[in-house]
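Visitor: I have some questions about how the labels in this entry were assigned. Can we go through them one by one?

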Amino acid sequence: MSQHIVEIVHREEFSSAHRLVSASLTDEENRALYGPCYSLHGHNYAVEVTVRGPVRAETGMVMDLNRLMALMQEHIVSEVDHKYLNDDVPYLEGVITTAENLAIAFWRRLHPHIAAFEPCLLHRIRVYESRLNFADYHGPTAG
Ligand code: NI
């Protein structure tokens, strides 16, 4: 019997302020590296979460998308929307708030809650910092 593996995606949007600062660089080096992103500014972000798994014969679903939406709202959006990412979000303390690092941080927030839906797997977290720029994270690699 063949098994059908499908990826489902839910997207949420939020608005946050941030600035890019590396603690290992001087003011001058930070300004040179990050340019305008060294200044306080904001973005209309989007986060897309992909869950991969078999389509269950009894429901026709991989995972209830409304459940995924609720988990993303609770564990990601509610904590970052209309916040200053550098200061207001405890789990981002000491993190350079690039789209790359946000994708990793959001993975850590969400992963334990998706694990409960085994055999579904958290497959990808995509963070859009703007319409044109985004970062994809597929989870930690071994080693
Ligand atoms: Ni920025």
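Visitor: Why is Thr50 called buried?

Guide: This is a predicted model, and the values are computed from it. Thr50 has a relative accessible area of 2%. Buried means under 20%, so Thr50 is buried.

Visitor: Where is Thr50 found, and what is Thr50 in contact with?

Guide: Thr50 is found in strand β2, residues 41-54. Leaving aside neighbours within four places in sequence, the residues in contact with Thr50 include Glu7, Ile8 and Val9, and also Leu121, Leu122, His123 and Arg124.

Visitor: What makes His18, His41 and His43 donors of the nickel ion?

Guide: Each of these residues coordinates the nickel ion through NE2, at 2.0 to 2.1 Å. The cut-off for a donor atom here is within 2.8 Å of the metal, so the NE2 atoms count as donors.

Visitor: How are the donor residues of the nickel ion spaced in sequence?

Guide: The spacing is H-x22-H-x1-H. His18 lies in strand β1 (residues 5-18) and His43 in strand β2, so this pair ties together parts that are 25 residues apart in sequence. Both His18 and His43 are buried.

Visitor: Is Cys37 buried, exposed or partly exposed, and what about Cys120?

Guide: The relative accessible area of Cys37 is 23%. Cys120 has 3% relative accessibility, so Cys120 counts as buried.

Visitor: How many disulfides does the structure hold?

Guide: The structure holds zero disulfides. A disulfide would need a pair of cysteine sulfur atoms within 2.5 Å.

Conventions
Residues numbered from 1 in each chain as written. Predicted model: local features only at pLDDT ≥ 70, side-chain atom pairs only at ≥ 80, totals over all residues. Heavy atoms only, no water. Buried < 20%, exposed > 50% of the residue type's maximum accessible area, 1.4 Å probe, protein only. Helix = DSSP H or I, 4+ residues; strand = E, 2+ residues; numbered from the N terminus. Contact = heavy atoms within 4.5 Å. Donors = N, O, S within 2.8 Å, 3.2 Å for Na, K, Ca; no water.
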